[in-house]
Amino acid sequence: MHALMNRIVMLGWAVWAVTTLGQESPNLQKISEHVYAYAGTTNASPTGNAFGANVGVVIGRDAVLVIDTLISAKAATRLLEQIRAVTDKPIKYVVNTHDHLDHAWGNCAFAKLGAIIIAQENSRLDAGKTGETLGHAGQYGLTAADMEGTTIVPPSITFKQSVKVDLGGITVELNYPGPSHTVSSITALVSQDKVLFAGDILFSHYHPYLAEGDLTGWQHALIELESTIAIKIIPGHGPVSTVSDLRDMREYIRVFDTEARKLCAGKTAADAPVIAQELLKLLPEQGRTELPMMVQANLAARFLPKSNH
Ligand SMILES: [Zn+2]
């Protein structure tokens, strides 16, 4: 009996250790000749790893461009230290694939170095709006200590459709495919290295955040991206992906949209937990193990009116 108890306790510790290890912040991986990235973070948590948000680093002859900046000054400073371990070239540019906290609240650490912050013109990352959101960081599980030193820094340059950034010997093309995950979601293509950063237009192994999405526009954006020349695609969250993951994402959105609509007819927010369980059975099996609670959040935000009682 004791031996069995010990085994159970040890198993518990093993599971705990794996979970804790997984929550440690990710490290930069070399993706191609000019590109490094975070990719494949598991056990998403707000403080440990910015909900598993990925980043990119593109290194040219003259300059470095950083794609997304994580959730806080602290997380961005840690990223900066990792960048400094692979290059001492100036970080001249930061790109925000969109304005959500896990991708843009670390801008401040790079702005301090004089980096130009580039985003699509619909970006709503401005001191007024997000200053208020910073005050509510607690609702995302972030403490004052987590957010120490974090200030919201809006883009210094915006563009409408596309722009190319020359880093010396390597170019990054930013493209806006129309409204999708958000109204300002863009992609970044490093065509010489055949690497595409899809931002949160692609989630792999993660249930996506759909609450603000234009679900029809999003499916069109994915169709457009499916003809990319890129061989490696870095999603906003999840491991290095390929075109087949873009197709899976499109199918997930299609099924979510059609099935959630049916399941939610006549229901209210109070029914969200039960409907989420039903919907999880109908969504395509695509190995999405991270953030299953997103399904309920997406249902509540999109299809279920708040109940009056
Ligand atoms: Zn994200």
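1. Strands E3 and E4 form a hairpin with four residues between them, and the two pair in the antiparallel sense over four bridges; here strands (E, at least two residues) and helices (H or I, at least four) are DSSP runs numbered from the N terminus, and two strands pair if DSSP finds at least two bridges between them. The model is a predicted one, in which local features need pLDDT of at least 70 and side-chain atom pairs count only at pLDDT 80 or more, while totals for chains, interfaces and linings use all residues. Residues are numbered from 1 along each chain as its sequence is written, and side-chain values use heavy atoms, with hydrogens and water left out.

2. Strand E3 (residues 56-59) is covered on both faces, with Gly-56 and Val-58 buried on one side and Val-57 and Ile-59 buried on the other; buried means under 20% relative accessible area, exposed over 50%, and partly exposed in between, with a 1.4 Å probe and protein chains only. In a regular strand the side chains alternate between the two faces of the sheet. E3 also pairs with strand E2 (residues 35-37) in the antiparallel sense, over three bridges, and Val-35 stands opposite Val-58 in E3.

3. These strands belong to an open sheet of seven, in the order E1-E2-E3-E4-E5-E6-E7, with mixed pairing. Its edge strands are E1 (29-30) and E7 (157-159), each of which pairs on one side only. E1 and E2 pair in the antiparallel sense over two bridges, and Gln-29 stands opposite Ala-37 in E2.

4. Leu-70 counts as buried because its relative accessibility is 4%. A second case is Leu-291, in the loop between helix H9 (272-282) and helix H10 (293-302), with a phi near 55°, again positive in a residue other than glycine; Leu-291 counts as buried because its relative accessibility is 11%.

5. The zinc ion has as protein donors Asp-102 (OD), His-103 (NE2), Asp-200 (OD) and His-237 (NE2), which lie 2.0 to 2.4 Å from it. Donors are N, O and S atoms within 2.8 Å of the metal (3.2 Å for Na, K and Ca), and water is not among the atoms, so sites may look incomplete. The arrangement is irregular because the four donor atoms subtend angles of 85 to 162° around the ion; four donors count as tetrahedral if all angles lie between 85 and 135 degrees, four count as square planar and six as octahedral if opposite donors are over 155 degrees apart and all others between 65 and 115, and anything else is irregular.

6. Along the chain, the zinc donors follow the spacing D-H-x96-D-x36-H. The pair His-103, in helix H4 (residues 101-104), and Asp-200, in strand E11 (residues 195-203), links distant parts of the chain, 97 residues apart. Both His-103 and Asp-200 are buried.
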